[in-house]
Amino acid sequence: MKIVETIAEVRAQVKQWRQEGLTVGFVPTMGYLHEGHLSLIERARRENDRVAVSIFVNPTQFGPNEDLASYPRDLEHDAALCEGVGTDLIFHPEPAEMYPEGFCSYVDMDVLTQELCGLSRPVHFRGVCTVVSKLFHIVQPDRAYFGEKDAQQLAVIKRMVQDLNMDLEVIGCPIVREEDGLAKSSRNTYLSPEERRAALVLSRSIAEGRKLAESGETDAEKLVQAMRAVIAEEPLARIDYVKVVDLLTMQQISRLDRPFLAAMAVYIGKTRLIDNFMMETGGAGTCC
Ligand code: AMP
């Protein structure tokens, strides 16, 4: 496994693979890797001849009062985990490599970014779309792997690839959870033991919502109310949003009559956590 810091080195490696006729799978991450990330890399490993992983805490996707400076980092540990699941190349650039002086081009998106996390994190998706499209241009993968944990990000990237005619396949992978249900996240390390226990309201609320939808509930507001009620029982939890949106457009819907995403962002103390479930076929009550 190679670890490189420059765009030129990535390009040289990928060029060599291309000359050998090999396919390339790509997993973009911000590092501090856990089993959620590894599930993406393992899938990329199965479906491609070579696997590239980027580890880059992207400054442009953090708002001014967010956790850019404190975001956890541990390249040595990440590299060992990557090697363990058969990664061929880690791209770990410095911010100045990705955003040299004078940088002023961004990829922006309407509609899909105007709901859910886009509302509470106004610059977030512009930063995500910009860095991911840069990484796609640098790595030029055949397939790129993203987690359903960040369901809106997955929808946004799929739309961007379609709208801007990028020549690759975007593949979504299921949420990996701790044994007690908490969705794995690099940000879980911020939680005190008491907050870690309180954070279970997210997955409990998701399970409640899923149960209702599977039992035939078609009213999105009822789903949201039931999910909010679970979170309201936890004094350490403060809801940013709980919403049900169309899976493709990310716009709020009132009836569960199409593929949908039920998503939430909840503060546990100062830590903002997200979770969701999606139903590709719409609710059980779908008809006609
Ligand atoms: P991050 O390092 O948080 O930017 O995440 C990098 C990629 O890993 C994104 O596509 C995430 O959606 C994915 N990911 C993070 N946590 C999980 C998880 N618990 N299960 C599945 N994928 C995840």
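This is a predicted model: local features need pLDDT of at least 70, side-chain atom pairs count only at pLDDT 80 or more; totals for chains, interfaces and linings use all residues.
The side chains of E35 and K184 meet in a salt bridge, with 3.0 Å from N to O; the term denotes a side-chain nitrogen of Lys or Arg within 4 Å of a carboxyl oxygen of Asp or Glu. E35 lies in helix α2 (residues 35-47) and K184 in the loop between β6 (169-173) and α8 (193-198), so the pair ties together parts that are 149 residues apart in sequence. Helices (H or I, at least four residues) and strands (E, at least two) are DSSP runs, numbered from the N terminus.

Residues are numbered from 1 along each chain as its sequence is written, and side-chain values use heavy atoms, with hydrogens and water left out.

The side chains of E47 and R43 meet at 2.7 Å, N to O. Because E47 and R43 are 4 residues apart in helix α2, about one helical turn separates them. Both residues are partly exposed, E47 with a relative accessibility of 31% and R43 with one of 25%.

A further salt bridge joins the side chains of E115 and K243, at 2.9 Å from N to O. This pair links distant parts of the chain, since E115 sits in the loop between α4 (95-98) and α5 (117-120) and K243 in strand β7 (residues 237-246), 128 residues away. E115 is buried, with a relative accessible area of 11%, and K243 is likewise buried, at 16%. Elsewhere, salt bridges that share partners join E35, E178 and K184 into one network. In total, the structure holds 17 salt bridges.

The loop between α4 and α5 is also the place of C104. This cysteine is exposed, having a relative accessible area of 63%. C104 and D88 are separated by 16 residues in sequence and by 32 Å in space, C-alpha to C-alpha.

The view now widens to the whole chain. Its secondary structure comes to 10 helices and 9 strands. The radius of gyration, taken over C-alpha atoms, is 19 Å, close to the 19 Å of the globule rule for 288 residues (2.2 Å times the number of residues to the power 0.38), so the chain is as compact as a globular protein of that length. Along the principal axes, the C-alpha trace spans about 55 × 45 × 40 Å.

Of the 288 residues, 52% count as buried. Among contacts (heavy atoms within 4.5 Å) between residues at least 6 apart in sequence, 73% join residues at least 24 apart. The chain exposes about 13600 Å², of which carbon and sulfur atoms supply 49%; these areas come from the Shrake-Rupley method with a 1.4 Å probe, and for residues only the protein chains shown count as cover.

As for charge, the chain has 32 positive and 43 negative side chains, and the centres of the two sets lie 2 Å apart. Lys and Arg count as positive and Asp and Glu as negative, with His and the chain ends not counted; each charge is placed at NZ of Lys, CZ of Arg, CG of Asp or CD of Glu.

How values were computed. Buried means under 20% relative accessible area, exposed over 50%, partly exposed in between (1.4 Å probe, protein chains only).
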